[in-house]
Amino acid sequence: MPMGHTATAQAGSGGLTATEHRLANGLRVVLSEDHLTPVAAVCLWYDVGSRHEVKGRTGLAHLFEHLMFQGSAQVKGNGHFELVQGAGGSLNGTTSFERTNYFETMPTHQLELALWLEADRMGSLLAALDDESMENQRDVVKNERRQRYDNVPYGTAFERLTALAYPEGHPYHHTPIGSMADLDAATLEDARAFFRTNYAPNNAVLSVVGDIDPEQTLGWIEKYFGSIPSHDGKQPPRDGSLPDTIGEQLREEVHEEVPARALMAAYRLPHDGTRECDAADLALTVLGGGESSRLHNRLVRRDRTAVAAGFGLLRLAGAPSLGWLDVKTSGGVEVPEIEAAVDEELARFAVEGPTAEEMERAQAQLEREWLDRLGTVAGRADELCRFAVLFGDPQLALTAVTRVLDVTAEEVRAVAAARLRPDNRAVLVYEPVTADGDDASADEDETDEHEGADQ
Amino acid sequence: MTDAAVTMDFHPRPTAGEARPWAFPAPERGALDNGLTVLRCDRPGQQVVAVEINLDAPLDAEPEGLDGIATIMARAFSEGTDKHSAEEFAAELERCGATLDAHADHPGVRISLEVPVSRLPKALGLLAEALRAPAFADSEVERLVRNRLDEIPHETANPSRRAAKQLSKELFPASSRMSRPRQGTEETVERIDAAGVRAFYEAHVRPATATAVIVGDLTGVDLDEVLADTLGTWTGDTAAPRPVPPVTADDTGRVVIVDRPGAVQTQLLIGRIGADRHDRVWPAQVLGTYCLGGTLTSRLDRVLREEKGYTYGVRAFGQVLRSSSPDAPGGATGAAMLAISGSVDTASTGPALDDLWQVLRTLAAEGLTDAERDVAVQNLVGVAPLKYETAASVASTLADQVEQFLPDDFQARLYARLAETGTVEATAAAVNAFPVDRLVTVLVGDAAQIKEPVTALGIGEVTVVTG
C-alpha cells in the first residue's frame with residue numbers, strides 16, 4: 001500500500017492542506033480535502049510536453065492528447081466524454097511546453113468513475129488506438145490550429161516570438177500546436193511510441209481535491225492504477241538552459257493583413273520556481289498589468305498612442321520564462337514612437353523601482369489571482385500537480401502566494417534592471433497590408449511560414 | 001490488439017455512490033432606503049466576493065444616432081469620480097486586489113466587481129462613488145471615444161465578431177436597436193461626448209431602478225453596515241420602469257457570405273430567434289439544444305468533428321437577448337438568439353453545411369433517443385454544483401434573473417423542470433428552434449471558393465457582402 005505523510009495547515013495556505021502518497025509503480029498521488037461543495041476534482045499531469053518533441057514531429061504531444069479521448073480497452077469511442085458528462089461531470093485536457101494535463105470535475109458520488117477512466121487510458125490506450133481516430137484527430141487538430149492561430153489577426157504572434165526568443169534547436173523553439181507539415185507527417189507508429197515512452201505511472205502525478213474520503217480515494221487509486229506497470233523508457237528533455245540574457249535585440253517585422261500596427265516583444269526572464277521569477281511577475285504587473293499600470297497610464301491614458309498595452313508572464317521551469325509585451329497602436333501612430341516610450345518607462349523603472357503603493361497594488365492583484373486559482377477544486381488540483389511535477393513538492397502550491405508577498409521592492413527593481421532591457425528581448429512588429437495591396441509582402445510572409453514549419 | 005492492453009488488471013466500471021444533496025443557492029432579497037434592490041447570498045469558502053450591479057439603462061434607451069453611448073458611460077464609471085482622478089480610481093481599485101468590469105447590453109448596463117472579502121468595504125465604497133458621482137471629464141470621455149473607435153477595426157477583423165454583427169443586421173428590422181452593433185459604429189461613436197454621457201446617466205441611472213447582487217463568504221461581515229456606508233449613500237429620484245419593445249426577426253432561410261479572400265477557414269453562424277426563459281418550452285429547448293450541439297458528443301460534433309474532422313468544434317446555443325416581465329402591459333415579449341456556430345476549413349465549407357443540414361433533417365424526421373435525452377439531463381442537472389462553485393458564477397446567474405424579470409428561484413427550479421422534460425418534448429423544442437427552412441446563415445470566408453458549393457446546397461439565396 002502507498003505510504004504518505006500528512007501536512008499541517010501552513011501559514012498563508014488559507015487552511016488548505018494536502019497529503020502525498022506514492023504507489024509501488026511510481027505514481028505520485030496528492031489528496032486535498034474540502035467538503036464545502038459536493039464535488040471532487042481529478043487532475044493528472046504527465047511529465048511530457050512539446051519540449052519533449054523531436055525535429056519533424058512538432059505538435060505530436062498535443063495531437064496525442066486528443067487521441068487520449070478516443071477510447072481505451074474498456075472505453076469505446078468517445079466513451080470517456082460520454083461517461084463523464086453523463087455523470088454530471090466536466091472534463092478536458094491541455095498541452096503546454098512542459099506537461100500534458102487531463103482533468104475531470106465530478107459530483108462527489110461519481111469520483112470513482114473518473115479514476116477508473118483515467119486508469120483505463122493510462123494502462124490500455126493502445127488497445128483502442130487505430131488509424132481511423134488518428135486520421136480524424138489529425139484533421140481536428142489542423143482545424144484547431146486554423147481557428148486559433150492561422151485565421152485570426154496576430155494569431156501567429158506567439159509562435160513567432162517563441163521561435164525568435166528560443167534559438168533554433170532549443171526545446172522551446174516551437175509551440176505546442178506544432179506545424180501543419182509535422183501534423184501531416186505524424187504516423188500511428190509515432191503515436192504508439194509516444195505513449196509507450198511517456199504515458200507511464202512513474203511519469204505522472206495524480207491529484208484529487210474536494211469532497212473526498214482520503215482513505216477510500218486512495219483505495220480506489222490503488223485498485224485502478226496499482227497494476228499498471230511502470231517503465232523507464234523516457235529520455236530526459238533536451239537541455240533548456242540558456243544564458244540569463246539574450247545579449248542582443250532580435251527582431252522580425254511582419255507585413256500582414258491586420259487591423260492595426262502592433263509592437264510585441266518577448267523578454268527573457270528567470271525560471272519559474274525562483275524568487276527572481278516572482279519578482280519579475282511583480283515587475284510586469286506594475287509595468288503592464290491592469291488599468292493602473294505604468295504602460296497603460298503612459299500609452300493609453302496620457303500619450304494616447306495605443307489601444308491597449310500590457311505585459312504577461314509565461315512561467316517556465318525548464319527554460320527561461322518569458323515576459324510578453326503586447327501593444328496595439330492607435331490610429332496612425334508609428335511603432336518607433338511606442339517603442340521609445342516603452343524603453344523610457346522600462347529604463348526609469350530599472351533605476352527607480354516600484355513605489356510602495358505600486359508594490360501594494362501589484363501584490364494585491366497577484367494575491368487575488370491566487371485566491372481565484374485556489375478557489376475551485378479544479379484549480380487547486382491543477383496547482384498541486386504543477387508544483388509536484390515541476391518542482392517535486394505539491395505543498396509549494398499552498399504557499400505560493402506568501403512567496404509573492406515576501407518579495408521586496410528592491411528585488412523587483414533589480415530583476416527589471418537585469419532583464420527588462422532592449423538587449424534581452426525579441427521584438428515582433430506588425431505592419432498592416434491591405435488584402436489587394438502589398439502582394440509582395442504577403443508572399444514573403446507566406447514563405448516565412450513554410451520556413452517556420454521546416455525548422 | 002497489442003502489448004499494453006493486457007498488462008494491467010481490469011475492473012468493471014464502477015457504479016455511482018449516493019448523491020449528496022445540492023441546491024442552487026437562494027438569495028435573500030431586500031432594499032436599501034434609497035430604493036436600491038439588494039440580493040445577498042453567503043457562500044462559505046468563497047474568499048473572492050462577487051458583486052453585480054444591474055442598471056436599467058438598456059441599449060434601446062440610447063438617443064437616436066448615438067449608438068454606443070451606454071458602452072462609453074459604462075466604461076467611464078471607472079474613469080474618475082468627485083474624489084478620485086481616473087488614474088487614482090484605477091489605482092485604488094487595484095490596491096484592493098479588485099477587478100471591475102462594466103458593459104452595456106440590450107437589457108441594461110451590468111457592472112461586475114470581484115474582490116477579496118477582506119477588502120470588500122473599501123471596494124464597495126469605490127463602486128458607490130462611481131455610481132453616485134462619476135466625473136465624466138471631457139478629456140476622459142474623449143479618450144474613451146477614441147479608444148472605442150480604435151477597437152472597431154479589430155472587431156471587424158475577427159471572424160466570429162464579424163459574423164455576429166452581420167447576423168444581427170440580417171435578422172432584425174433596421175428600426176430595431178438589435179439590428180445594430182451593441183457598442184456602436186464609427187459614425188455613431190464619434191458623435192459621443194461628455195455632455196451626452198452625463199445626460200444619458202441622469203436619465204437612466206438611479207438606485208431606485210438598480211439592483212445589487214452580492215455573493216461570497218460573508219462570515220463576519222456586517223453587510224448591512226457596509227452597504228449603508230457605501231451603496232446606501234447613492235441618491236436619486238424614482239422612475240417608472242421602461243417599457244420593453246417586442247423583439248421581431250426575419251428568419252427567411254438565406255445565406256450571406258462576408259467575403260474574406262484567402263481565409264483558411266469559414267466562420268459559420270446560423271441563427272434565428274426563439275423562446276426566452278419565460279416561455280414554458282425553455283427547459284425542453286435547453287435540453288434539445290444540448291442534444292443537438294451542446295458538447296463534443298452532441299449530434300453536430302459527432303458528425304462534423306468526430307467523424308469528418310471538418311472542425312475543432314461546432315456548438316448550438318440559446319442566449320437570451322432581452323426579456324420583459326409577464327406582468328408588463330404587453331405581457332412577456334422577450335426572445336433568445338438561437339444559433340449554431342463554429343468554423344470549418346475552407347475546402348470543407350460546402351460538405352460541412354450539407355452534413356449540418358442533414359443532422360437537422362434527421363433530427364426532425366427521427367427525433368431524439370431516450371438515451372440521448374437521459375444523458376443530457378444527467379449532465380445539465382449534474383454539473384450544477386460544479387458550475388456554481390464560485391461566487392462569480394452564482395452572482396452572474398442571479399443578476400441575469402433580475403435583468404430578465406425572473407423569480408429569484410428560477411434557476412433552482414429549472415433543474416427539477418429539466419428532469420421532468422421528456423424525449424418527445426425535447427425533440428419538439430429542438431426541431432422548432434432550428435427548422436431547416438427558417439435559418440439565416442452567415443459565412444465569413446473566401447467567397448470565391450465557397451459561394452458555388454454553398455449555393456448548390458439549396459439552403460437559401462446566397463448574397464456576398466464585403467467589409
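**Exercise 1. A recorded span in chain B**

How far apart do the end C-alpha atoms of residues 43–172 of chain B lie, and what share of the span is helix and what share strand?

*Solution.* Before we start, keep in mind that this is a predicted model.
- Step 1: The UniProt record, in an unreviewed entry, lists residues 43–172 of chain B under "domain: Peptidase M16 N-terminal".
- Step 2: take the two ends. Their C-alpha atoms are 41 Å apart.
- Step 3: look at the secondary structure.

**Exercise 2. Confidence**

*Solution.* 
- Step 1: begin with the whole chain. Chain B has a mean pLDDT of 96, with 99% of its residues at 70 or more.
- Step 2: turn to the assembly. The complex receives an ipTM of 0.95 and a pTM of 0.94 from the predictor.

**Exercise 3. Two helices of chain B**

Describe how helix 1 and helix 7 of chain B are arranged, and which residues join them.

*Solution.* 
- Step 1: compare the axes. Helix 1 (residues 69–76) and helix 7 (residues 194–204) of chain B have axes that come within 10 Å and cross at roughly 90°.
- Step 2: name the arrangement. Angles of 65 to 115 degrees count as roughly perpendicular, so helix 1 of chain B is roughly perpendicular to helix 7 of chain B.
- Step 3: list the partners. Helix 1 of chain B contributes B:Ile69, B:Ala70, B:Ile72, B:Met73 and B:Ala76, while helix 7 of chain B contributes B:Gly196, B:Val197, B:Phe200 and B:Tyr201.
- Step 4: sort them by class. This helix 1 to helix 7 contact in chain B holds 8 nonpolar residues, 1 polar residue and no charged ones.

**Exercise 4. Domains within each chain**

*Solution.* 
- Step 1: count the contacts in chain A. Here 40 residues of domain 1 touch 34 residues of domain 2.
- Step 2: find the elements. Those giving two or more residues to the domain 1 side in chain A include strand 4 (39–46), helix 5 (157–165) and helix 6 (180–185). By class, that side has 26 nonpolar, 6 polar and 8 charged residues.
- Step 3: move to chain B. Its domain 1 is 28–233 and its domain 2 is 254–465; their C-alpha centres are 28 Å apart.
- Step 4: count again. In chain B, 30 residues of domain 1 are in contact with 25 residues of domain 2. Helix 5 of chain B gives the most to the domain 1 side, with 9 residues, and that side divides into 15 nonpolar, 8 polar and 7 charged residues.

**Exercise 5. Between the chains**

Which element of chain A gives the most to the side that touches chain B?

*Solution.* 
- Step 1: count both sides. Chain A places 67 residues in contact with 69 of chain B.
- Step 2: Helix 12 of chain A gives the most, with 9 residues.
- Step 3: check the classes. The side of chain A that touches chain B has 24 nonpolar, 27 polar and 16 charged residues.

Technical notes: Residues are numbered from 1 along each chain as its sequence is written. Chains are lettered from A and ligands numbered from 1 in the order in which they are written. This is a predicted model: local features need pLDDT of at least 70, side-chain atom pairs count only at pLDDT 80 or more; totals for chains, interfaces and linings use all residues. Axes are lines fitted to C-alpha atoms, for helices over the stretch in contact, and angles run from 0 to 180 degrees between N-to-C directions. Helices (H or I, at least four residues) and strands (E, at least two) are DSSP runs, numbered from the N terminus. Angles under 35 degrees count as roughly parallel, over 145 as roughly antiparallel, 65 to 115 as roughly perpendicular and the rest as oblique. Two residues are in contact if their C-beta atoms, placed from the backbone, lie within 7 Å. Ala, Val, Leu, Ile, Met, Phe, Trp, Tyr, Cys and Pro count as nonpolar, Asp, Glu, Lys and Arg as charged, and the others, Gly among them, as polar. pLDDT is the predictor's confidence in each residue, from 0 to 100. Domain bounds come from an automatic or database domain assignment. UniProt positions are given in the numbering used here, feature names are shortened, and annotations may be inferred rather than shown by experiment.
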